[in-house]
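Trainee: Could you take me through one part of this model in detail? I'd like a close look at the open sheet and the loops around it.

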Amino acid sequence: MNTATFLSRLSVMLLAGLVFIGRSQAATATLYTTGFEPSEGFNLSYYLSGQGGWTNAGNGGNGLISNSISGYGQQAYVGYFAPSSGSSLSVWKPINFAPSNATLVRFSTVMSLIDSTTTNRDEFYWSIYNRAGQRLCGLLFDNRDLSIWREADDGYVYDTGWGFVNGAGTNGFYTLEIALNFSSNRWSAFFGGTQIISNALITTTNSALNLGDVDAEWVLAVPTKPGNNFLVFDNYTITADAVPQVIPSVQPPTPLTGGQHSVRVTGRAGVSYALEASTNLTSWSALKTNVATGGFFDFTDAASTNAPRKFYRARWIP
């Protein structure tokens with residue numbers, strides 16, 4: 001190992017240990033959670049809307065079903081029965097939460113989309129609304145081609161490149177988690193354990209950054225030809241806690257061909273960190289800001305060939 005490489009590695013280890021000071025994390029607050037069970041007051045004989053504080057906009061099928069997701073007791077659903085008027089239905093539990101400047105809100109559920117028995121198929125959404133009733137962001141599950149799209153409040157949807165299978169996933173369902181970092185106006189989503197959205201804008205139109213509700217929505221693709229497809233969901237949970245200021249760690253650089261180095265930043269999965277470099281411990285330059293997907297990200301420093309020694313540090317990005 002040459003002297004420059006040794007100093008570079010030593011610098012990383014020292015800075016990772018000294019530059020950052022962490023703080024204790026506040027306990028997670030549960031804003032709402034339900035498994036739609038009889039013990040919580042949910043009755044299979046009635047619509048979901050009107051039970052347990054749930055409400056709706058539009059009309060059409062919604063209610064409770066038993067063991068559509070095996071082993072989970074009762075689930076909620078939207079779809080199946082066509083609206084008597086209009087072409088959409090939304091159901092939600094009002095939350096009306098005003099986050100602080102450093103609040104991370106997480107929505108999670110288990111879900112399964114059951115296909116139509118006809119050739120008519122529709123769209124299903126998980127949409128985030130603020131307290132003024134403005135749609136901020138969300139996910140569209142298109143049952144026509146089994147694709148997943150990202151909703152934005154600019155009026156457009158964007159293909160994530162990911163898809164789903166009707167009535168499938170792990171044990172017949174998928175897990176869905178949406179993380180909303182209101183302090184940085186960013187959100188991410190994980191579906192079936194895979195990150196499908198990374199650091200997208202919550203609002204692109206400067207809408208108020210707070211949480212009104214998280215809606216399950218059914219939109220008819222062709223209003224005159226509704227499908228009898230439906231979205232089943234369970235273990236619907238919304239939590240809030242302080243944005244995690246996890247102390248990042250910079251691993252010793254790995255030498256590459258041509259004198260370059262690969263630098264790895266580790267931290268908490270789903271949290272953004274910035275990697276910076278210096279040759280004198282006084283002036284620092286930004287190299288990369290990224291989400292630690294899976295708890296880390298890597299950066300190849302092509303400029304390391306030009307420095308006799310180089311120091312690296314990482315910091316949390318709120």
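Mentor: Let's settle one term before we start: a salt bridge here is a side-chain nitrogen of Lys or Arg within 4 Å of a carboxyl oxygen of Asp or Glu. Keep in mind, too, that this is a predicted model.

Now for the setting. Take the contacts between residues at least 6 apart in sequence: 66% of them join residues at least 24 apart.

The sheet you asked about is open and has seven strands, in the order β2-β5-β14-β7-β8-β9-β10, with antiparallel pairing. β2 (55-58) and β10 (157-163) sit at the edges with a single partner strand each, so one side of each has no neighbour in the sheet. From one strand to the next, the twist averages 20°.

β2 runs antiparallel to β5 (residues 88-92), and four bridges join the two. If you want a pair to click on, N56 has V91 in β5 as its bridge partner.

Y80 lies in the loop between β4 (74-79) and β5, and its phi is near 75°, a positive value in a residue other than glycine. Most residues other than glycine have a negative phi. Y80 is partly exposed, at 38% relative accessible area.

Follow the chain through β9 (147-152) and you come to D153, in the loop between β9 and β10. This is where that opening term comes in: D153 is buried yet has no salt bridge. What the D153 side chain does have is a polar contact with the side chain of T204, at 2.6 Å. Beyond its neighbours within four places in sequence, D153 is in contact with R135, L136, I202, T203, T204, T205 and S207.

Key: Residues are numbered from 1 along each chain as its sequence is written. This is a predicted model: local features need pLDDT of at least 70, side-chain atom pairs count only at pLDDT 80 or more; totals for chains, interfaces and linings use all residues. Side-chain values use heavy atoms; hydrogens and water are left out. Two strands pair if DSSP finds at least two bridges between them. Axes are lines fitted to C-alpha atoms, for helices over the stretch in contact, and angles run from 0 to 180 degrees between N-to-C directions. Buried means under 20% relative accessible area, exposed over 50%, partly exposed in between (1.4 Å probe, protein chains only). Lys and Arg count as positive and Asp and Glu as negative; His and the chain ends are not counted. A polar contact is a pair of N or O atoms within 3.5 Å; within protein, one must be able to donate a hydrogen and the other to accept it, and residues adjacent in sequence count only if both atoms are side-chain atoms. Contact means heavy atoms within 4.5 Å.
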